[in-house]
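Q: Please take me through the reading of this structure, feature by feature.

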Amino acid sequence: MKGRGVIILNRDFSAEWYDLLKDCNINRIGLHSLYQNGGLQGHLEWLQSPYVCDLIAKFEKGGFEVLNEVHAVDWLLPRKLYEEHKSWFRMNENG
């Protein structure tokens, strides 16, 4: 089967999705976090909880590919570097 996926907010991810996604021939799950729920750091902490580790393992054992969908540019390129390295940041024609 080709990859068929869905993105689920991490706060909504639960075992209840397993049968529904199987019935819909979904085999790829993207877990996404919102800034108001802790953003990247909150997502990383959530991923380390024993409940989530066990749940992801269950889905992977059942043939799902579990991915993480996060907005990471602020983590990869912190805004505090702007003053020192302006050329690292995109600019429009007005600077």
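**Confidence and conventions**

A: Among the elements of the protein chain in this predicted model, α3 has the highest mean pLDDT (97) and α4 the lowest (78). The pLDDT is the predictor's confidence in each residue, from 0 to 100; the chain averages 89, and 98% of the residues score at least 70. Helices (H or I, at least four residues) and strands (E, at least two) are DSSP runs, numbered from the N terminus. Residues are numbered from 1 along each chain as its sequence is written, and side-chain values use heavy atoms, with hydrogens and water left out. As this is a predicted model, local features need pLDDT of at least 70 and side-chain atom pairs count only at pLDDT 80 or more, while totals for chains, interfaces and linings use all residues.

Q: Which residues have the most contacts inside the largest nonpolar core?

A: In soluble globular proteins, nonpolar side chains tend to be buried together. A nonpolar core is a set of buried Ala, Val, Leu, Ile, Met, Phe, Trp, Tyr and Cys residues joined through side-chain atoms within 4.5 Å. Buried means under 20% relative accessible area, exposed over 50%, and partly exposed in between (1.4 Å probe, protein chains only). Here the largest core has 15 residues, and Phe-13, Leu-21, Ile-29, Leu-31, Ile-56, Phe-59 and Phe-64 have the most contacts inside it. At least two residues of this core come from each of α1, β2, α2 and α3, and the largest share, four residues, is from α3.

A: The buried residues of α2 (residues 39-47) are Gly-39, Leu-40, Gly-42, His-43, Trp-46 and Leu-47. They fall within an arc of 165°, so they line one face of the helix; the arc is that of the directions from the helix axis to the C-beta atoms. These residues pack against β2 (28-32), α3 (50-61), β3 (65-69) and α4 (73-76).

Q: How many aromatic pairs does a search of the whole structure find?

A: A pair of aromatic rings is described by the distance of the centres and the angle of the planes. Rings of Phe, Tyr and Trp (its six-membered ring) pair if their centres lie within 6.5 Å; planes under 30 degrees apart count as stacked, over 60 as edge-to-face and the rest as tilted. The search finds six pairs. The rings of Phe-13 and Trp-46 have centres 6.4 Å apart and planes at 70°, so this pair is edge-to-face. Phe-13 lies in the loop between β1 and α1 and Trp-46 in helix α2, so the pair ties together parts that are 33 residues apart in sequence.

Q: Which side chains meet in a salt bridge with 2.8 Å from N to O?

A: A salt bridge is a side-chain nitrogen of Lys or Arg within 4 Å of a carboxyl oxygen of Asp or Glu, and by this rule the count comes to two. Arg-28 and Glu-65 form the bridge at 2.8 Å. Arg-28 lies in strand β2 and Glu-65 in strand β3, so the pair ties together parts that are 37 residues apart in sequence. Lys-86 and Glu-83 form a salt bridge with their closest N and O atoms 3.8 Å apart.

Q: What is the phi of Asn-25?

A: Most residues other than glycine have a negative phi. Asn-25, although not a glycine, has a positive phi of about 60°. Asn-25 lies in the loop between α1 (17-23) and β2 and is partly exposed, at 41% relative accessibility.

Definitions and conventions
Contact = heavy atoms within 4.5 Å.
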